[in-house]
Amino acid sequence: MGITRTDLFTEKQNELANTLKVFAHPARIAIIEHMLKVNACINSDLVKELGMAQASISQHLKELKFAGIIQGTVEGSSMNYCINPDKWKEVSETLSGFFNKYFENNQCC
């Protein structure tokens, strides 16, 4: 398998690709959808809600948190997670701009 030449692409292109990789797992999409639905979440609630193993959910939460998509705070012996509004807005605006480029200059076929 070859090495990805990230130096061939702009910082913005690499950043968008890395962010989209975080969204590229159905479990992470399910976690995000649940958080959006309840507007907050405790880790143990996700185990009950999604029916996944605690270790799997913890790993997916770690990936989402590392990417800045979610943020967490400790409350007693539990960790409370929610969507990071600043990162969510940034990703939303970036993707909107990316997809809207098609409509701005569509001269194809």
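Is E90 buried, partly exposed or exposed? With a relative accessible area of 33%, E90 is partly exposed. The model is predicted, and its secondary structure amounts to 5 helices and 3 strands. The structure contains 3 salt bridges, one of which joins E90 to K87. The points below take up the overall form, the charged pairs and two individual residues.

**Overall form**

- Read from the N terminus, the elements of the protein follow the order α-α-β-α-α-β-β-α.
- The protein has a radius of gyration of 17 Å, whereas a compact globule of 109 residues would have a value near 13 Å.
- The C-alpha trace extends over about 55 × 35 × 25 Å along its principal axes.
- Of the 109 residues in the protein, 26% are buried.
- Considering contacts between residues at least 6 apart in sequence, 48% link residues at least 24 apart.

**Surface and charge**

- The protein has an accessible surface of about 7,900 Å², and carbon and sulfur atoms account for 56% of this area.
- There are 11 positive and 12 negative side chains in the protein, and a distance of 4 Å separates the centres of the two sets.
- Side chains of opposite charge can pair when their charged atoms come close.

- K37 and E49 form a salt bridge in which the closest N and O atoms are 3.6 Å apart.
- K37 belongs to helix α2 (residues 26-38) and E49 to helix α3 (residues 43-50), so this pair ties together parts that are 12 residues apart in sequence.
- K37 is exposed, at a relative accessible area of 60%.
- E49 is partly exposed, at 43% relative accessibility.

- E90 and K87 meet through their side chains in a salt bridge, with an N to O distance of 3.4 Å.
- These two residues, E90 and K87, are 3 residues apart in helix α5 (residues 85-104), a separation of about one helical turn.

**H34 in helix α2**

- H34 is placed in helix α2 and is buried, with a relative accessibility of 9%.
- When residues up to four places away in sequence are not counted, H34 touches C41, L46 and E49.
- One of these contacts, E49, is also the salt-bridge partner of K37.

**S78 in strand β3**

- S78 lies in strand β3 (residues 78-83).
- At 29% relative accessibility, S78 is partly exposed.
- Apart from neighbours within four places in sequence, S78 makes contact with I42 and T73.
- S78 and H60 are separated by 18 residues in sequence and by 16 Å in space, C-alpha to C-alpha.

Methods. Residues are numbered from 1 along each chain as its sequence is written. This is a predicted model: local features need pLDDT of at least 70, side-chain atom pairs count only at pLDDT 80 or more; totals for chains, interfaces and linings use all residues. Side-chain values use heavy atoms; hydrogens and water are left out. Helices (H or I, at least four residues) and strands (E, at least two) are DSSP runs, numbered from the N terminus. The radius of gyration is taken over C-alpha atoms; the globule rule is 2.2 Å times the number of residues to the power 0.38. Buried means under 20% relative accessible area, exposed over 50%, partly exposed in between (1.4 Å probe, protein chains only). Contact means heavy atoms within 4.5 Å. Accessible areas come from the Shrake-Rupley method with a 1.4 Å probe; for residues, only the protein chains shown count as cover. Lys and Arg count as positive and Asp and Glu as negative; His and the chain ends are not counted. The place of a charge is taken as NZ of Lys, CZ of Arg, CG of Asp or CD of Glu. A salt bridge is a side-chain nitrogen of Lys or Arg within 4 Å of a carboxyl oxygen of Asp or Glu.
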